[in-house]
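Hi,

Here is the structure I said I would pass on. Have a look at it first, and then read my notes below.

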Amino acid sequence: MFSILVVTVFLASCLAMPIKDPYSYSSAVGQGLGTPFASYGEGRITAVRVWEINNNYYYYYYYYYNSNAYISGFQLRYGSTWSPVFGREGGEKQEMELFNDEAIVEVSGKYNPADYICKLVLTTNMGRTLSAGQPNQVSFNFYPANMGNELRLLSGRFNGAGITSIGAHWGLVNMEGAGNSTLETALQTVTPTYS
């Protein structure tokens, strides 16, 4: 009798589907110098603010070009509470408030490996985007590894002028009560590395 039980448990464990990790991490891009940050809050991200610096315009063949544009800071709102500003509130501010059932499902942009994040584009599941900065340097594109996941937090580094590196943490949002802190859930699962 005991051997039948052991064989049954063994076979059941072999047939069981592996449980997918509900969280994923898009590795940070950028220089990676400065003060580390990780956004945090309870519930879903409901709004975003991004500050961009656009300076050093030059004129060439009837066009103006910007050789030194970068993201100086950003802020996320979780539910009705704004996170601290990561980086600084300098330059032009772009802001997007998300609709009910709208979530950020892609983070993309450009970065200069020698200094700052140059452009940041946040795209929602409804196709709306917030775009800040200028399309200079190297491209990056972050998205969740699992279907149905959304942006839970951004992490990276900043210095006195702007954001020097950025990574994205993805996961599910439990809207049925407390205990879905982004700091507790996403950061425990994934430890970022900066290159």
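Let's start with F140, which is buried, with a relative accessible area of 7%. Buried here means under 20% relative accessible area, exposed means over 50%, and partly exposed is in between, with a 1.4 Å probe and protein chains only.

Before I go on, two notes on the source. This is a predicted model, where local features need pLDDT of at least 70 and side-chain atom pairs count only at pLDDT 80 or more, while totals for chains, interfaces and linings use all residues. Residues are numbered from 1 along each chain as its sequence is written, and side-chain values use heavy atoms, leaving out hydrogens and water.

Back to F140. Together with V107, F140 has the most contacts inside the largest nonpolar core, a group of 31 residues. (A nonpolar core is a set of buried Ala, Val, Leu, Ile, Met, Phe, Trp, Tyr and Cys residues joined through side-chain atoms within 4.5 Å.) Leaving aside residues up to four places away in sequence, V107 touches a list that includes L120, L122, F140, L151 and W170; a contact means heavy atoms within 4.5 Å.

F140 also has an aromatic partner, Y111: the ring centres are 6.2 Å apart and the planes are at 50°, so this pair is tilted. Y111 sits in strand β8 and F140 in strand β11, so the pair ties together parts that are 29 residues apart in sequence.

Y70 belongs to strand β4 (residues 63-78) and Y116 to the loop between β8 and β9 (117-124), so they link parts 46 residues apart in sequence. Y70 and Y116 are both buried. There is also one aromatic cluster formed by F37, F74, F86 and F158.

Now the wider picture. The protein has 2 helices and 13 strands, which are DSSP runs numbered from the N terminus (helices are H or I with at least four residues, strands E with at least two). Of its 195 residues, 47% are buried. Among contacts with a separation of 6 or more, 69% are between residues 24 or more positions apart.

β2 pairs with β12 (residues 150-158) over 4 bridges, and P36 stands opposite R157 in β12. Strands count as paired if DSSP finds at least two bridges between them.

Most residues other than glycine have a negative phi. D101, though, has a positive phi near 65°; it is in the loop between β7 (92-97) and β8 (104-111) and is exposed, at 61% relative accessible area. Q137 has a positive phi near 85°, lies in the loop between β10 (129-133) and β11 (138-142), and is partly exposed at 47%.

Cheers

Notes:
Rings of Phe, Tyr and Trp (its six-membered ring) pair if their centres lie within 6.5 Å; planes under 30 degrees apart count as stacked, over 60 as edge-to-face and the rest as tilted.
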